[in-house]
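The sequence and structure are shown first.

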Amino acid sequence: MIDNYSVSYLLPPVFEKWYPAGTSISLMPMAEAKQISSSGLLYELDGMDLCIGLRTGSSNVTKADGMVKISYESGQLLLMECHD
């Protein structure tokens, strides 16, 4: 999905992409996503479960220029790249 402020897409179970430092990123579960791990983000996720309405991964940011890696074991996870 693309709008004036962000690009959002469903992540595969293992995702890697290069981002510049300070890029705003949000992770939103589609119902729930389990055992999420990340690297390259200011607020890292280490085996965390996310559930819509209880806990989401909104308002995160990349730490430095470089690769961001996100993986999860089950469920579905949306990535929002925010450009506002």
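## Salt bridge between strands

In this predicted model, K17 has a relative accessible area of 31% and is therefore partly exposed. K17 belongs to strand 2 and E81 to strand 7, so the pair links distant parts of the chain, 64 residues apart.

## Salt bridge between loops

The count of salt bridges is 2. Another pairing joins the side chains of K63 and E44, with an N to O distance of 3.4 Å. K63 sits in the loop between strand 5 and strand 6, and E44 in the loop between strand 3 and strand 4, so the bridge ties together parts 19 residues apart in sequence. K63 is exposed, at 51% relative accessibility, while E44 is partly exposed, at 32%.

## Nonpolar core

The largest nonpolar core has 15 residues, and those touching the most other members are L11, L27, I36, I70, L77 and L79. Strands 2, 3, 6 and 7 each give two or more residues to this core. Strand 3 gives the most, with 4 residues.

Beyond its neighbours within four places in sequence, L79 is in contact with residues including V7, L11, F15, L27 and I70.

## N60

N60 lies in strand 5, residues 57–61. Its relative accessibility is 8%, so N60 counts as buried. The N60 side chain reaches the backbone oxygen of Y43 at 2.7 Å. Not counting residues up to four places away in sequence, N60 touches T23, S24, I25, L41, L42 and Y43.

Methods:
Residues are numbered from 1 along each chain as its sequence is written. This is a predicted model: local features need pLDDT of at least 70, side-chain atom pairs count only at pLDDT 80 or more; totals for chains, interfaces and linings use all residues. Side-chain values use heavy atoms; hydrogens and water are left out. Buried means under 20% relative accessible area, exposed over 50%, partly exposed in between (1.4 Å probe, protein chains only). A polar contact is a pair of N or O atoms within 3.5 Å; within protein, one must be able to donate a hydrogen and the other to accept it, and residues adjacent in sequence count only if both atoms are side-chain atoms. Contact means heavy atoms within 4.5 Å. A nonpolar core is a set of buried Ala, Val, Leu, Ile, Met, Phe, Trp, Tyr and Cys residues joined through side-chain atoms within 4.5 Å. A salt bridge is a side-chain nitrogen of Lys or Arg within 4 Å of a carboxyl oxygen of Asp or Glu.
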